[in-house]
Amino acid sequence: MVSEDSPLLTSTAHETIYDRFAPEQKRWIVFIVSFAGLLPMFVSSTFVPSIPQIAQDLGSTHAVVSLTISLSILASAVGALVWAAYSSFYGRRSMYLWGMPFLCIGSCGVALSTSLRSLLFWRFVQTFGCSGGIPLGAGVIGDIYKLEERGTAIGVFFGATLFGLAVAPLLGGATAQYWSWRNLHYSLAVWGILELFLVYLSFPETSHPGTLGIDKLRRRRWIHITWVNPLSSLWLLRSPNLFAAMLASTLVLFTDFVLLVPLAFTIGVRYGITNEAIIGACFLPNGLGNFIGAPVAGRLSDIVVKRWRKKRDGVWIPEDRLRATWIGGLIMIPLSIGASGLITTYVGGPVGLWLNLLCLYTNGMGVDFVFNPIGSYNVDVAHSRSAEATAASAAIRSLILSGATALIIPSIERIGVAWTNIIAAVLAIIGQGIIFLTIRYGDRMRASVDIGFSTIENN
């Protein structure tokens, strides 16, 4: 039981479990989970540019085909909860091996769809299959890296996956324009097969020995199927710490959506860009910011943890990692999104366009400087259920963002891009305020609701 005054003292006994894998093998494992983490980003983001072509092929409308986006958000939330919950019972490796066939079959089903009904069904299967990429990846990294190395590794992982979020629309649009949306989904199936073979041939089980639910069974059948309630992961968010971290990350990530979702409607219209390929290329600075910022933010959060432990003579306070969010949450994110709105409104020509691209890059880095420490914090405080904590946060965050995203373009039409962006900047600052309160009162928050928080002895 964690009390408000429970000291989280230093211990090295547990750290030997992280020496099971050589550094080279750890880097290979991070590569595999990053490769898998890219998949859900490409599955979701490559679909949007191909909606007009799909609507034409299926004899439907853009609005109706766009229903698949909402369905995909639901499938992603459900899938993340399912794969994370079962990974705590059967292991990470098994969930990758079970999820990839769903992705491959679903991708082929999408490619072969001849009606909206079949498209909706197979799109759900496809998204469900790959949705474990993020929570499982975070769980794997928590399994193999020590507390003070974990932020850097998660930074590399998030950097790769978030870069895919910006690159995928460009590739999806180019593929739909110059190849075929059906071939795109066949390609995703091939990607899934490649990932399946990589996991089967070279990915070990990373869960700590004796921690899996199946390891604790006294009697076990050769094929043992057990019901695990995937919604139980959501109950972790009753912790004020995890709920606050989820809410703060949602408010921060919303700024990304405010900049990227209406990009063709804001930057495209303002600067006379009509070529879809060029509009897609405008996403790249944000992705580059993600790619560069995530490893830097991860390394910074590890440095902060080490520094504050040294100040306390080895005592670990989990919320110290959140101190690494200040530069992103208070400076980079509010300034970049606020400046982008004002620049779009008042600065025309090439100068305005280049300044906007700089804002997109800065926002991409800033989001990582907040998102990465929060992701590592979730793994730190709920280490034994890190995949489930990540999945629960991702599921609720996705549902909130899906509703909030629908308000972006109506807001721009009603009050303008400048005020819409300023509101998003204020929300990001509120998110940083939530992080400040979590740092200040984190010990009391953990004591108020104990979900089995990790200590230094088992982290």
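This is a predicted model: local features need pLDDT of at least 70, side-chain atom pairs count only at pLDDT 80 or more; totals for chains, interfaces and linings use all residues.
Residues are numbered from 1 along each chain as its sequence is written, and side-chain values use heavy atoms, with hydrogens and water left out.

Two packed helices are described by the angle between their axes and the distance between the axes. The axes of helix α5 (residues 92-112) and helix α6 (residues 116-130) come within 7 Å and cross at roughly 155 degrees; helices are DSSP runs of H or I with at least four residues, numbered from the N terminus, and axes are lines fitted to C-alpha atoms over the stretch in contact, with angles from 0 to 180 degrees between N-to-C directions. The two helices α5 and α6 are therefore roughly antiparallel, a word used for angles over 145 degrees. Contact (heavy atoms within 4.5 Å) is made by residues including G99, M100 and F102 of α5 and L119, W122 and G129 of α6. This contact has 10 nonpolar, 6 polar and 1 charged residues, where Ala, Val, Leu, Ile, Met, Phe, Trp, Tyr, Cys and Pro count as nonpolar, Asp, Glu, Lys and Arg as charged, and the others, Gly among them, as polar.

Some of these residues return in the lining of a cavity, which is a set of points on a 1 Å grid over the protein atoms alone where a 1.4 Å probe fits but cannot get out, lined by residues with an atom within 4 Å of a point. There are 2 cavities of 30 Å³ or more, a volume being the space filled by probe spheres set on points joined across faces, edges and corners. The second largest cavity holds about 50 Å³, and its lining includes G99, M100 and G129. Helix α5 gives the most to this lining, with 4 residues.

The largest cavity has a volume of about 60 Å³, and α10 (240-260), α11 (263-270), α14 (326-346) and α18 (417-448) each supply at least two residues of its lining. Its lining has 6 nonpolar, 5 polar and no charged residues, among them T266, I267 and T344.

Key: Angles under 35 degrees count as roughly parallel, over 145 as roughly antiparallel, 65 to 115 as roughly perpendicular and the rest as oblique. On a 1 Å grid over the protein atoms alone, a cavity is a set of points where a 1.4 Å probe fits but cannot get out, and a pocket is an open set with protein on both sides within 12 Å along at least five of seven lines; lining residues have an atom within 4 Å of a point.
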